[in-house]
Amino acid sequence: AVVSTQSTGKCVQKSPTDQFVALGCYDGTCKLVNSVSWSILGTLKQAPEDIVPEKTVTYKEEKSESGSRFAIVTDPVTPPVVKANHEDKYILVGVGIVRFSPSGRYLATRSDSSPHLIWVWEQCRRLN
């Protein structure tokens with residue numbers, strides 16, 4: 001199996017266990033790929049409008065003079081989105097950052113259209 005060219009890759013990272021490859025795509029998704037067969041194991045969609053409060057734990061950074069901390073947000077969240085300027089040759093679209101945790105259990109992704117929002121996925125639970 002080959003990774004589809006419908007979702008052109010923008011960035012890539014191999015998991016610490018060498019079992020998976022995360023491919024950040026211009027279409028705003030992250031493909032989790034088996035590094036041996038190159039088959040797609042799942043697609044992580046990270047559109048802010050897809051946040052389901054009952055299924056998502058959202059944290060917000062709170063800064064103070066003594067430092068900063070992350071607190072759980074209980075109200076519905078609508079993160080800001082940066083609109084792409086299509087005349088700019090450096091269009092900010094798609095998933096531009098993918099990083100595995102040292103254990104490989106979690107995957108962090110960031111969409112260039114929501115640069116202040118980091119998605120943290122527990123791999124096995126979030127694949128569709």
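Modeller: We can go through the sheets, the core, the cysteines and a few single residues in turn. Keep in mind that this is a predicted model.

Biologist: Which strands make up the three-stranded sheet?

Modeller: E7, E8 and E9, in the order E7-E8-E9, again an open sheet with antiparallel pairing. E7 and E9 are the edge strands here; each has a single partner strand, so one side of each is left without a neighbour in the sheet. Ignoring direction, neighbouring strands are turned by 20 degrees against each other on average.

Biologist: What holds E7 to E8 in the pairing, in bridge terms?

Modeller: E7 and E8 pair over five bridges in the antiparallel sense.

Biologist: Now the core. Which residues have the most contacts inside it?

Modeller: The largest nonpolar core has 13 residues, and those with the most contacts inside it are Ala 22, Cys 30, Leu 32, Leu 44, Val 98, Phe 100 and Leu 107. E2, E3, strand E7 (95-100) and E9 each supply at least two residues of this core. The largest share, three residues, comes from E7.

Biologist: What does Val 98 touch?

Modeller: Leaving out residues up to four places away in sequence, Val 98 touches Cys 11, Val 12, Gln 13, Ala 22, Gly 24, Cys 30, Leu 107, Ala 108 and Thr 109.

Biologist: What share of the protein is buried?

Modeller: Buried residues are 33% of the 128 residues. On contacts, among those between residues at least 6 apart in sequence, 39% join residues at least 24 apart.

Biologist: There are cysteines in that list. How many disulfides are there?

Modeller: Zero, from a search of the whole structure. For Cys 11, the closest cysteine sulfur is in Cys 30, and at 7.2 Å that is too far for a bond. Cys 30 is in no disulfide either; its nearest cysteine sulfur belongs to Cys 25, 7.0 Å away.

Biologist: Is Cys 30 buried or exposed?

Modeller: Cys 30 counts as buried because its relative accessibility is 0%. Cys 11 counts as buried too, at 16%.

Biologist: Switching to Val 120. Buried or exposed?

Modeller: Exposed, with a relative accessible area of 57%. Val 120 is in strand E9. Apart from neighbours within four places in sequence, Val 120 is in contact with Tyr 106, Leu 107 and Ala 108. Val 120 and Leu 107 are 13 residues apart in sequence, and their C-alpha atoms are 5.6 Å apart.

Biologist: What about Asp 112, where is that?

Modeller: Asp 112 is in the loop between strand E8 (106-111) and strand E9 (119-122). Asp 112 counts as buried because its relative accessibility is 7%. Its side chain makes a polar contact with the side chain of Arg 110, at 2.6 Å.

Biologist: Last topic, backbone angles. What is the phi of Asp 18?

Modeller: Positive, about 65 degrees, although Asp 18 is not a glycine. Most residues other than glycine have a negative phi. Asp 18 sits in the loop between E1 and E2, and is partly exposed, with a relative accessible area of 45%.

Biologist: And Trp 38, what is the phi there?

Modeller: Near 60 degrees, a positive value in a residue other than glycine. Trp 38 is in the loop between E3 and E4. At a relative accessible area of 42%, Trp 38 is partly exposed.

Conventions:
Residues are numbered from 1 along each chain as its sequence is written. This is a predicted model: local features need pLDDT of at least 70, side-chain atom pairs count only at pLDDT 80 or more; totals for chains, interfaces and linings use all residues. Side-chain values use heavy atoms; hydrogens and water are left out. Helices (H or I, at least four residues) and strands (E, at least two) are DSSP runs, numbered from the N terminus. Buried means under 20% relative accessible area, exposed over 50%, partly exposed in between (1.4 Å probe, protein chains only). A polar contact is a pair of N or O atoms within 3.5 Å; within protein, one must be able to donate a hydrogen and the other to accept it, and residues adjacent in sequence count only if both atoms are side-chain atoms. A disulfide is a pair of cysteine sulfur atoms within 2.5 Å. A nonpolar core is a set of buried Ala, Val, Leu, Ile, Met, Phe, Trp, Tyr and Cys residues joined through side-chain atoms within 4.5 Å. Contact means heavy atoms within 4.5 Å. Two strands pair if DSSP finds at least two bridges between them. Axes are lines fitted to C-alpha atoms, for helices over the stretch in contact, and angles run from 0 to 180 degrees between N-to-C directions.
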